[in-house]
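Here is a short briefing on one protein model. Look at the sequence and the structure first, then work through the points below.

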Amino acid sequence: MNEIVGPDSVESGSTDELILDCDFEANGEEDVVLKWFYNGMEDQIYQWIALNKNAYAMGSLKDLIDPTYKVSDDPNSMMRALRFKDVDSALSGNYTCKVDTADEVKWLTKQVIVYSPATSFQIFLFGVEDQFQGDEVVLCEATNISPRPDFSLHVSGSNGSLDDLELFNPIREEIPNEDDSYNVSIRISFNSSYLEPGTTKFSCLLSIPGTNYSDTRSMEHFVDYEEEPSPFELLNEEYASFNYPSNFTEESPSEDIENGSNRIASVVLLGCTLMFSLLLTM
């Protein structure tokens with residue numbers, strides 16, 4: 001036996017047929033018995049005895065197999081292949097071809113994945129328009145994807161990737177549907193004040209193991225803020241800017257006194273206002 005020729009993966013509905021060819025050389029032997037099995041050796045789905053010419057579909061996939069299909073004109077190997085008439089996720093699995101001759105018994109197994117892309121794949125950012133700054137939420141969700149996918153969310157800031165998603169306490173959900181597809185989601189909460197200034201990028205990656213299928217959704221969140229000074233820092237800044245006049249000019253001593261008094265009154269008023277604000281927040 002050489003190999004089982006056929007795709008490793010195929011998208012459901014993308015083609016009218018799926019062919020798996022059990023490529024072997026009969027070497028003139030006429031007593032070839034070829035059998036196909038699905039997901040182990042208990043579910044036989046096909047049999048062809050070269051001397052009898054006709055092939056037979058059976059087992060769990062009987063209604064999906066075309067037993068009249070011929071892959072070549074060689075009478076000792078022409079019906080060695082499986083041809084499926086409809087291609088959907090029900091065909092995903094492991095296929096074993098077993099060839100019996102008078103001299104030996106050989107078999108090969110191949111995995112085939114029939115996948116369905118997500119019917120919807122989106123990323124959302126909630127909370128950025130709230131009146132009061134609080135937790136914002138990034139939500140990634142994909143629906144009706146088959147078989148079970150790999151689903152991940154990556155966060156990268158202006159200084160590089162934040163690889164440890166667990167810091168955001170992600171909430172993951174995976175809901176199987178009746179048709180063996182899945183709805184999956186990942187949700188994280190964060191506060192913009194804890195992000196690096198600049199652009200933070202959120203990327204959702206969706207893929208199906210064993211296939212070439214992958215998809216990405218991403219969005220950017222820009223953070224531009226300056227740290228607000230504390231009330232005491234404001235008071236200190238105002239006090240530091242006050243220069244009490246040490247020398248009065250002969251022309252306008254009363255004006256200097258008035259300006260100095262106004263500055264003192266401003267500092268005192270600011271201090272009282274800040275203290276009152278602090279009491280209200282306690």
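Is Cys-204 buried or exposed? Cys-204 has a relative accessible area of 0%, so it is buried. The cut-off for buried is under 20% relative accessible area. Keep in mind that this is a predicted model.

**How the cysteines pair**

- A search of the whole structure finds 2 disulfides.
- Number the bonded cysteines of the protein chain in sequence order, and the pairing reads 1-2, 3-4.

**The disulfide of Cys-22 and Cys-97**

- Cys-22 and Cys-97 are joined by a disulfide, with an S to S distance of 1.9 Å.
- Cys-22 sits in strand S3 (residues 18-23) and Cys-97 in strand S8, so this pair ties together parts that are 75 residues apart in sequence.
- The angle about the S-S bond is -85°, and the link of Cys-22 and Cys-97 is left-handed.
- Both Cys-22 and Cys-97 are buried.

**The disulfide of Cys-140 and Cys-204**

- The sulfur atoms of Cys-140 and Cys-204 are 1.4 Å apart, and the two residues form a disulfide.
- This pair links distant parts of the chain, 64 residues apart.
- Cys-140 belongs to strand S11 (residues 135-145), while Cys-204 belongs to strand S16 (residues 198-207).
- Cys-140 counts as buried because its relative accessibility is 1%.
- Cys-204 is buried too, at 0%.

- Strand S4 covers residues 33-38.
- Of its 6 residues, 5 are buried, so S4 is largely enclosed by the rest of the structure.

**Partners of S4: strand S5**

- Strand S5 (residues 44-49) runs antiparallel to S4, and 5 bridges join the two.
- Phe-37 stands opposite Gln-44 in S5.
- S4 and S5 make a hairpin, with 5 residues between them.
- Asn-39 lies in the turn of this hairpin and has a positive phi of about 55°.

**Partners of S4: strand S8**

- Strand S8 (residues 93-100) is also joined to S4, by 6 bridges.
- S4 and S8 run antiparallel.
- In S8, Thr-96 stands opposite Phe-37.

Technical notes: Residues numbered from 1 in each chain as written. Predicted model: local features only at pLDDT ≥ 70, side-chain atom pairs only at ≥ 80, totals over all residues. Heavy atoms only, no water. Buried < 20%, exposed > 50% of the residue type's maximum accessible area, 1.4 Å probe, protein only. Helix = DSSP H or I, 4+ residues; strand = E, 2+ residues; numbered from the N terminus. Pairing = 2+ DSSP bridges. Disulfide = S-S within 2.5 Å.
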